[in-house]
Amino acid sequence: MEELLAPFRSPDIQVTLGINLLLAWGFYLTVVTGQLSLGHSAFMAIGAYGASILTIKYGLPLSVGLAGGTLAACIAGIVVGLPVLRLSGMYLAIATLALVYIVTLILENWDFAGGRLGISGMQGTSIWLVWTLVFVVGAFLSFFERSRLMLAMRSARENGDAARAIGMNLTAIRVSGFAAGAALCGLGGGLWAHYIIFIDPYQFGLIKSFDIVLFVVMGGMGSFWGPVLGAGVMTILPVWVRVLKDWREVAFGILLIVMMGFRPQGIISPEWIAARRRKRAAKKAGKAPDASVLPVKLRRAADAVDGEVLLEVQMLSKAFGGVRALADVSVQARRGEILGVIGPNGAGKSTFFNCLTGFIPPDSGAALFGKTALHTLPAHAIARCGVRRTFQQGGVFGSFSVRNNVRAGQHATMPVYRSSLLPFLARKEEQEGEARIRGILEEVGLAGKELVTAGSLSYGDQRRLEIARALAGNPELLLLDEPAAGMNQTEANGLADLLRRLRDRGLTIVLIEHNMSMVMSLCDRIYVLDHGEIIAEGAPSDVAKNPAVIEAYLGDEATGPTP
Ligand code: ADP
Ligand code: MG
């Protein structure tokens, strides 16, 4: 027992543990956005050298040194992250791998910073300083965990396309997380340098980066407690297993196998955290007074007139190799109508939506939304103009609660950075936002399911939730890609009622749908697409009688168009 407690009494371990927590949180802020970085040791090096140069070479106080090192690491994070985080996938891992080598190489050859010998003579870090900073950072993170920015960071990881479709700028979100993480590692590096008194370029190699990765892999990344546990275990364990002497390697091996086999998501799993949050929220919800439910808010200019052209698509074309998915498609959607877009599978309907919403660049043509040229904007900017869409394959954030899906949908209508960093300046907006979440869920028929995990909802409920999330962004134009697919007729009727209500309140809806009875009863006008071309347009009754349409599409009705 005495031996097990020994490491906790050692000042070295206490300081290392504190610094490791900062490093683990730094890495955590990157991985929650769905990006892997192997370069956090480089930011630690930049922080360590930055701080040491300021204190040793320029004789400045420790506080200035630490601030300078942290800032330098943060700037380095932005400089590295900005070009790389525009891309997705493994690019960040590769770029940060290179960063570690480049930083090491520069430090080796930088005579002013001592070259291979490094810098020595720093001092001044105490256990108190380290742990005060750890508590300040931890306290902020425990609040930040529930902020809208964190929700956006997790959305980017969960489903990037869905995140863009609700107005999230993935690059900005990822760079924010990455730069903040780099800053924390820089702070950790500065503290480390001034505790061990001596630094050289080799302390901050890839091995250090892997250590940091392991902290978070071990602990789990569902919440900021995961890295705490991981860093704790990985700091204390090597000291404990020293007691095991010959058994050390065996113990580590077994631990790793057990982790990979039984708990690849880390010690603290996201599911466990979700369940806990649900419990806590349920308690709170029981006590909260039932706030007056606000109706869904829709964007609409004061001088807007029903029937005016809201969306003007001109000669839109898109080819995939030899396939002409869209060929000179011209469509007008008028304010306050439900416009149907029908056609057989492969006709180009989804491609039409993808071109309108910035997910696929059209080859030629234009899409004007009021005075805004949509075809020149990226997806998140289009969403911010008040255009919202759903996805044919469904795009809810499956691991989020129903409530958090809708909350994420408010991203573009909320002062996200202000409410996440200076919450006391955004209280009014937050209160209103909360009330609207309830109102929207009421409207779409998901009231009472706020705390359910979205992925476990029935198919029809997931489609409704996706619409709820779209409505949370106060849209002016709503594009729905086969929302009734997989619904039974009762559910489809409920959906039709919802869409009618929304239209009557002034929302303009473009609806791609195979459910003919729904299309015919719901739509004010219909366009028929076939092989990328508009073959008919008009009132439902006229379109249904059009011979070309019957041949291309409705004629299939006997066999039923496959969804
Ligand atoms: P619909 O939604 O009407 O069923 P789509 O717009 O999904 O049709 O597809 C139209 C045509 O374009 C199909 O032939 C499809 O195979 C092709 N297509 C759609 N998206 C892509 C893509 N990303 N890459 C290559 N071909 C595509
Ligand atoms: Mg489609």
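Which residue in E10 is the bridge partner of Gly-340? The partner is Leu-511.

The model is predicted: local features need pLDDT of at least 70, side-chain atom pairs count only at pLDDT 80 or more, and totals for chains, interfaces and linings use all residues. Residues are numbered from 1 along each chain as its sequence is written, chains are lettered from A and ligands numbered from 1 in the order in which they are written, and side-chain values use heavy atoms, with hydrogens and water left out.

**Figure 1. Strand E10 and its two partners, E5 and E9**. Helices (H or I, at least four residues) and strands (E, at least two) are DSSP runs, numbered from the N terminus. Two strands pair if DSSP finds at least two bridges between them. Strand E5 (residues 338–342) runs parallel to E10, and four bridges join them. Strand E9 (residues 477–481) also pairs with E10 in the parallel sense, over five bridges. Here Leu-480 stands opposite Leu-511. From E9 the chain passes through helix H20 (residues 489–504) to E10, a right-handed β-α-β crossover. Right-handed means that, with the strands pointing away from the viewer, the path from the first strand over the helix to the second runs clockwise.

Figure 2. Buried means under 20% relative accessible area, exposed means over 50%, and partly exposed lies in between (1.4 Å probe, protein chains only). Five of the five residues of E10 (residues 508–512) are buried, so the strand is largely enclosed by the rest of the structure.

**Figure 3. The six-stranded sheet**. Strands of a sheet pair through backbone hydrogen bonds, either parallel or antiparallel. This open sheet has the order E8-E9-E10-E5-E11-E12, with mixed pairing. E8 and strand E12 (533–538) stand at the edges. Each has a single partner strand, so one side of each is left without a neighbour in the sheet. From one strand to the next, the twist averages 15°. Axes for this angle are lines fitted to C-alpha atoms, for helices over the stretch in contact, and angles run from 0 to 180 degrees between N-to-C directions.

**Figure 4. The hairpin of E11 and E12**. Strand E11 (residues 525–530) runs antiparallel to E12, and five bridges join the pair. Val-528 stands opposite Ala-536 in E12. Two residues lie between the strands. In the turn, His-531 has a positive phi of about 50°.

**Figure 5. The four-stranded sheet**. This sheet is open and antiparallel, in the order E4-E3-E6-E7. Strand E4 (323–334) and strand E7 (372–373) are at the edges, each with a single partner strand, so one side of each lacks a neighbour in the sheet. Strand E3 (residues 309–320) and strand E6 (residues 364–369) run antiparallel, joined by five bridges. Val-313 has Ala-367 in E6 as its bridge partner.

**Figure 6. The magnesium site**. Which residues coordinate the magnesium ion (ligand 2)? They are Ser-350 (OG) and Gln-392 (OE1), at 2.1 Å. Ser-350 lies in helix H14 (residues 349–356), and Gln-392 lies in the loop between strand E8 (387–389) and helix H16 (402–409). The two are 42 residues apart, so this pair links distant parts of the chain. Gln-392 counts as partly exposed because its relative accessibility is 24%. Donors are N, O and S atoms within 2.8 Å of the metal (3.2 Å for Na, K and Ca); water is not among the atoms, so sites may look incomplete.

**Figure 7. Helices H2 and H10**. The expected span of a helix is 1.5 Å times one less than its number of residues. Helix H2 (residues 11–31) has 21 residues and should span 30 Å; its end C-alpha atoms are 30 Å apart, which agrees. In H2, 17 of the 21 residues are buried, so the helix is largely enclosed by the rest of the structure. Helix H10 (residues 206–219) has 14 residues and should span 20 Å; its end C-alpha atoms are 20 Å apart, which agrees. Buried residues of H10 include Leu-206, Ile-212 and Phe-215. Gly-220 follows H10 and has a positive phi, near 100°.

**Figure 8. Cys-74 and Cys-185**. A disulfide is a pair of cysteine sulfur atoms within 2.5 Å. Cys-185 is in no disulfide. The count of disulfides comes to zero. Cys-185 is buried, with a relative accessible area of 0%.
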